[in-house]
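Me: I am new to this structure and would like to know what stands behind the terms used for it. Please take them one at a time.

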Amino acid sequence: MTTEEKREEILKKLRDAVIQYDEDVAKEAAQEALDAGLDANDAIFNGLVNGMEEVGRLFEAQEYFVPELLMCADALYAGLDILKPHVKKLDLGIKGSVVIGTVEGDVHDIGKNIVKMMFDVAGFDVYDLGKDVPLDRFVEEQMKTDSDLVCLSAMMTTTMVGMKKVIDSIKARNPNVKIMIGGAPVSQDIAEKWGADGYSPDANNALKDAINMISSLKKLKEEAEEKKGS
Amino acid sequence: MNDFLREALLKAGADVVGFADIEREILDPEISHLNRAISIGVCRKLNEDTLRLHASLRKKASSILKTNGYRYLSIPPVHENGKRKFIASLYPLFTHRIAATSAGLGWIGRNGLLINPEYGPRLSFSTVLTDAPLIPDSPVEQCLCGECLLCVEHCPAGAIIGNEWSRDNPYVELVIQDRCEIYKKNMRPVNGRSNCGLCINICPYGRKWISK
């Protein structure tokens, strides 16, 4: 066990490493967290993810640009790689499995990758199909993995129409699958019209949405633990 | 800032360092705020050791820029190198040769490679883009291969056309890539080498470094 003071110090170091996009410090701090006997989940959520929340804010305030955002994400992953093997599987009563990819004809994957990262952090099993993914592959992969969430990304108006086909196809087979769509040309309106369950216009919002999702996961987790305790 | 950076990089093992004004070269909005490039050349075979040296040089430049409150994007010599990173999605937005020619470190030779007057085509490059107000070096405007056609004449694949690059016409076709690739692929079972490199070895510029 470790003192509260030591815990705070390590969490701050993890947080700052992400904000300062410093991979070396992120690795170092992650190792310190393990050595000090910190819970890996604690280190991830209250250290790394906490830092990424601030990065989201800085990005929104245009203090950070895309290169900084991506470097921060790399720093988060550097720490996550070390902590993840030590994470106890979250028991949330939901199956965390998601299929994600950028649709056919489209090679823009920054937003997709950031959303993917947040799912990784949240402990989901992520099936990343990459970019320029044939539409049928989403349907196949969802069925194969029995995932309950599918995330589609498109950056161009010409490619985004493919998302509707995937939504129709998946919903026809399994109406319970949740589908999130994202990318510059997408709007709330389109999401609703096409029958998507969620949407996000860019990497920044995707990040915020993913953070919201993780926050609610965090809450669920705390509730689950409280119940266990009482 | 200029002298300090240059000195630090040369001392840390770089063979050539140049600064480029790339305002007119950057088209992508995600990095359009970065209007200077630091071009870092190393004269070694592009193996693991060289990549490590490149990494430490980029880290040096980045940390100096960061300490002084500037933004940067650090691009390694080989894009597909090592594990996948988020930042790697921005690497293809800028090429080392634009940085190097704009920084006055050389021109693009008939063989399609960057030719430095001292080291010839034997340098590998890292680039660090930044918004630091570095004073740019003068670019090299055109091909200085002169009458030399050695690489054109000796290319075993007949892939080098013999055209001349200039900064005003940077995308002129110099090498028929298909011919080069097919030749290398066909020769692999014969000589067991995945690369040819004749157009590097034959270049009279920087020959003295061959034994190194």
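This is a predicted model: local features need pLDDT of at least 70, side-chain atom pairs count only at pLDDT 80 or more; totals for chains, interfaces and linings use all residues.

Me: How do you know how many helices and strands chain B has?

Reply: DSSP runs are counted: a helix needs at least four residues and a strand at least two. On that basis chain B has six helices and six strands, in the sequence order α-β-β-α-β-α-β-β-β-α-α-α.

Me: What makes a residue of chain B count as buried, and what share of the chain is buried?

Reply: A relative accessible area under 20% is required. Of the 212 residues in chain B, 46% are buried.

Me: How do you know where the buried residues of helix α7 of chain A lie around its axis?

Reply: Helix α7(A) spans residues 157–173, and its buried residues are A:T159, A:M160, A:G162, A:M163, A:V166, A:I167 and A:I170. They cover an arc of only 150° around the axis, so they lie on the same side of α7(A).

Me: What makes the other side of α7(A) exposed?

Reply: Exposed means over 50% relative accessible area, and A:T157, A:T158, A:K165 and A:A172 on that other side are exposed.

Me: What covers the buried residues of α7(A)?

Reply: The cover includes α6 (135–145), β3 (149–153), β4 (178–182) and α8 (188–194) of chain A.

Definitions and conventions:
Residues are numbered from 1 along each chain as its sequence is written. Chains are lettered from A and ligands numbered from 1 in the order in which they are written. Side-chain values use heavy atoms; hydrogens and water are left out. Buried means under 20% relative accessible area, exposed over 50%, partly exposed in between (1.4 Å probe, protein chains only). The arc is that of the directions from the helix axis to the C-beta atoms. Contact means heavy atoms within 4.5 Å.
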